[in-house]
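Student: I would like to go through this structure by question and answer, starting with the terms. Please keep it brief.

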Amino acid sequence: MPDISEIPFWGLPQHERMAAFREMRRLDRPVFVRENHVPFIGGGPGYYALVRHADVTEASRNAGIFSSEPCSNSIPDMPRWLAVYFGSMINMDDPRHARLRRIVSRAFTPRVLSKMEEDLALAASEIVDEALRAGPGDFVQQVAARLPVRVICDMMGIPARYHETVLRRTNVILGNADKEYTGIDPDFSRLNVGRGLVKLLHAGHSLNRMAARLGAQRRKEPTGDLVSLLVNGEESLTPQELGSFFILLVVAGSETTRNAIAYGLKLLTDHPEQRQLLADDFDKHIGRACEEIVRYATPVIQFRRTLTQDHGIYKKGDKVLLFYNSANRDESVFKDPDVFDITRDPNPHVGFGGPGPHYCLGAHLARREMTVMFRELLTRMPDIRSVGEPDFLLSNFINGVKHLRYEW
């Protein structure tokens with residue numbers, strides 16, 4: 001069985017990776033995987049790979065035992081000099097997590113999101129306008145990446161001239177093992193790891209400072225945007241909390257939705273009968289289509305939890321990784337899990353995280369972005385299709401699409 005801790009495994013074709021997880025689901029207990037020691041960061045003995053839907057949902061619900069502290073977005077414990085930028089609320093348990101989630105949830109209420117409907121539709125229309133003028137090319141760069149980063153930046157009040165900078169920084173943060181984004185070979189030599197960490201720190205610092213400047217401005221002169229809501233009032237974010245939340249928002253809110261949109265076009269191209277079904281009655285099918293795209297693609301591959309006490313086969317301090325990509329193909333939960341079916345019902349996928357306190361706050365926004373973009377594309381480019389295979393991100397964290405050729 002391939003070693004899922006090694007970077008080369010994540011460069012294998014998708015079907016080979018999913019076959020490895022299928023074999024792991026057939027075992028009678030979670031596999032213990034050795035952990036790589038990362039220069040300048042360290043590492044532990046290893047982690048248990050939770051690959052079944054039942055195990056992932058249990059760990060998600062039971063936050064008291066399966067803790068998000070000290071960190072959930074890194075297999076080795078994150079040192080302070082990284083945590084200052086990337087130690088957001090996803091790396092916290094209650095009550096700290098509950099406090100931050102309560103504050104930032106102001107941006108994701110149904111009332112706030114309903115006000116964004118017209119802005120979302122306008123943004124999607126303008127993006128398709130520009131794509132039509134430019135002609136066939138790279139769907140990720142021309143379409144999929146543009147809507148999510150624009151939405152997040154508009155929410156935060158970041159001027160359009162900085163949108164491209166935000167996108168480049170998020171690419172470095174999530175693509176830190178990918179040579180295209182860093183220019184560095186993805187090995188574990190001290191020199192290359194050090195160079196990669198410098199780029200990671202620079203990207204985190206840049207986004208953090210952008211948020212800090214905005215926060216200082218909005219404390220003096222609130223404008224009603226998201227930053228104004230987060231830094232004013234009885235409960236507000238500190239400058240460090242605002243910076244970490246902004247990085248979380250642009251990374252989770254732009255990267256994952258962009259990948260879902262890119263995968264969506266590829267899946268609808270590869271399954272013309274599903275595409276026709278959606279085109280024939282868009283309003284009837286788009287809701288379930290979005291859920292199926294997220295299930296099938298699973299933009300976030302895994303998150304980590306740490307045991308706070310002995311529990312079953314686990315000992316206090318053990319690490320477990322929740323592999324959402326595998327849980328979403330669990331044969332015991334999903335009939336024909338490798339089949340793309342936009343009518344799938346029920347569809348209890350964990351593509352937005354499992355049930356519990358860390359379920360994605362932006363899930364509804366992601367669904368709305370996918371809906372408005374596919375409506376615009378299928379209306380104005382009714383024969384749009386992907387061409388060839390996607391160029392995938394090399395990552396064990398994000399199931400990313402870097403490039404996807406398309407035409408109409």
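Tutor: Helices (H or I, at least four residues) and strands (E, at least two) are DSSP runs, numbered from the N terminus. The model is predicted, so local features need pLDDT of at least 70 and side-chain atom pairs count only at pLDDT 80 or more, while totals for chains, interfaces and linings use all residues. Residues are numbered from 1 along each chain as its sequence is written, and side-chain values use heavy atoms, with hydrogens and water left out.

Student: Are α8 and α13 roughly parallel or roughly antiparallel?

Tutor: Helix α8 (residues 146-156) packs on helix α13 (residues 239-270) with the axes 8 Å apart and at an angle of about 155 degrees. Axes are lines fitted to C-alpha atoms, for helices over the stretch in contact, and angles run from 0 to 180 degrees between N-to-C directions. Under 35 degrees counts as roughly parallel, over 145 as roughly antiparallel, 65 to 115 as roughly perpendicular and the rest as oblique. The pair α8 and α13 is therefore roughly antiparallel.

Student: How are α8 and α9 oriented to each other?

Tutor: The axes of α8 and helix α9 (residues 163-174) cross at roughly 115 degrees and come within 10 Å. The two helices α8 and α9 are therefore roughly perpendicular.

Student: How many charged residues are in the contact of α8 with α9?

Tutor: V149, R150, C153 and D154 of α8 meet H163, V166 and L167 of α9. The contact of α8 with α9 divides into four nonpolar residues, one polar and, as for the charged ones, two.

Student: How far apart in sequence are the parts that E35 and K319 tie together?

Tutor: The whole structure has 30 salt bridges (a side-chain nitrogen of Lys or Arg within 4 Å of a carboxyl oxygen of Asp or Glu). One of them joins the side chains of E35 and K319, at 3.0 Å from N to O. E35 sits in the loop between β1 (31-34) and β2 (46-50) and K319 in strand β6 (residues 319-323), so the distance in sequence between the parts they tie together is 284 residues.

Student: In the pair D77 and R304, which residue is buried?

Tutor: The side chains of D77 and R304 form a salt bridge, 2.7 Å from N to O. D77 lies in the loop between β3 (66-67) and α3 (80-86) and R304 in strand β5 (residues 302-307), so the bridge ties together parts that are 227 residues apart in sequence. At 2% relative accessibility, the buried residue is R304.

Student: What separates E292 and R295 along their helix?

Tutor: E292 and R295 form a salt bridge, with the closest N and O atoms 2.8 Å apart. E292 is buried at 0% relative accessibility, and R295 is also buried, at 0%. Both lie in helix α15 (residues 282-297), and because they are three residues apart, the separation is about one helical turn.

Student: What is the relative accessible area of T298?

Tutor: T298 has a positive phi, near 45 degrees, in a residue other than glycine. T298 is placed in the loop between α15 and β5. T298 counts as buried because its relative accessible area is 1%.

Notes
Buried means under 20% relative accessible area, exposed over 50%, partly exposed in between (1.4 Å probe, protein chains only). Contact means heavy atoms within 4.5 Å. Ala, Val, Leu, Ile, Met, Phe, Trp, Tyr, Cys and Pro count as nonpolar, Asp, Glu, Lys and Arg as charged, and the others, Gly among them, as polar.
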